Amino acid sequence: MISVLTIVKNREAHLRNLVEGLRRSTVPPLELVIVDMSDEPVERPVADFPVRVIRHATHGLPLAQARNLAAAQATSPSLLFLDVDCIPGSDLISAMADAVNFQDGLICAEIQYLPEGAANDGRWCEATLRAVGMPHPARRFPAAGLVAEPNSGLFWSLAFGISAEAFDRISGFDEDFTGYGAEDTDFVFRAREVGLDLYFLGGTCAYHQHHDVFDPPLQHFDDIVRNARIFHARWGFWPMVGWLDAFAESGFVSREGSTLTVNRFPTASEIRAAKQPPSHPF
């Protein structure tokens, strides 16, 4: 059995689809633990497995802290972190539970990105989602089973499994990373230091529900700059270089050696202009 952990901030419709996906799973989770950071408390979902909602009122987006809080509340020795935007495939729970029991490591599930409207209002079936979902071009998953992935930078926190013991061995996500960005890359690097490798799990997936995409994510500018500095001080290189380069090209920052300088902050109109059309899935 496996505990499913998710965090939510103002995406209750996406949460309902996640829960519906769990309801349709061939094997239900032992429990669903929800950390709710929304402006208004979410309604506790009804399901045929235990659901617990932990209220964590906050003005920001403390991803590391919220994930650690969810893990601390879990009762299973196996954990599946599932982003609130993800609808689990019907066999994801059973496949991930088996994989975590078999392999000591970080195990990522494949993500299929959905176009706008594909899962609106719960009117969906998995066959339809599978037909319209798009894999991420930077990540290649096996047709079935587990394969080791040597590039730790390809870890993603959207859907990954780990034993509770291994999570504790890493000491969880580092809460020095406040807000959005780099906390997951730091996590996988610290996992590697304690002997935990990264694996990709094929033959199953989660479906990522569409939401607004900003490229670069200027709405998280402060968090990204702050967390990038913390990461560089620890690991000696810059994370999120695509975003940092985009910030530099627009004159927001300058990066030289180990120094990242903020020249100016994006305006509200510049943030709005970074919003991508619905056809931009990633």
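This is a predicted model: local features need pLDDT of at least 70, side-chain atom pairs count only at pLDDT 80 or more; totals for chains, interfaces and linings use all residues.
Figure 1. Strand E6 itself spans residues 105-113, and nine of its nine residues are buried, so the strand is largely enclosed by the rest of the structure.

**Figure 2. Strand E6 pairs with strand E10 in the parallel sense.** Nine bridges link E6 to E10, the latter formed by residues 197-208. Within this pairing, alanine 109 faces leucine 201 of E10.

**Figure 3. Strand E7 runs antiparallel to strand E6.** E7 comprises residues 134-135 and is joined to E6 by two bridges. Here proline 135 of E7 is the residue opposite glutamine 112.

**Figure 4. Helix H8 has buried residues along one face.** The helix covers residues 241-249, and its buried residues are Leu244, Ala246 and Phe247. When the helix is seen down its axis, these buried residues fall within an arc of 160 degrees, so they line one face of H8. In an α-helix there are 3.6 residues a turn, so residues three or four places apart point the same way. The elements that cover the buried residues of H8 include helix H7 (221-235), together with strands E11 (253-256) and E12 (259-262).

**Figure 5. Asparagine 10 occupies the loop between strand E1 and helix H1.** Strand E1 consists of residues 3-8 and helix H1 of residues 12-23. Asparagine 10 has a relative accessibility of 43% and therefore counts as partly exposed, a class that lies between buried (under 20%) and exposed (over 50%). In sequence, 14 residues separate asparagine 10 from arginine 24, and their C-alpha atoms are 24 Å apart in space.

**Figure 6. Asparagine 10 is in contact with Ser38 and Asp39.** These contacts are listed leaving aside the neighbours of asparagine 10 within four places in sequence. A polar atom of the asparagine 10 side chain lies 2.8 Å from the backbone nitrogen of aspartate 39.

Terms used: Residues are numbered from 1 along each chain as its sequence is written. Side-chain values use heavy atoms; hydrogens and water are left out. Buried means under 20% relative accessible area, exposed over 50%, partly exposed in between (1.4 Å probe, protein chains only). Helices (H or I, at least four residues) and strands (E, at least two) are DSSP runs, numbered from the N terminus. The arc is that of the directions from the helix axis to the C-beta atoms. Contact means heavy atoms within 4.5 Å. Two strands pair if DSSP finds at least two bridges between them. A polar contact is a pair of N or O atoms within 3.5 Å; within protein, one must be able to donate a hydrogen and the other to accept it, and residues adjacent in sequence count only if both atoms are side-chain atoms.
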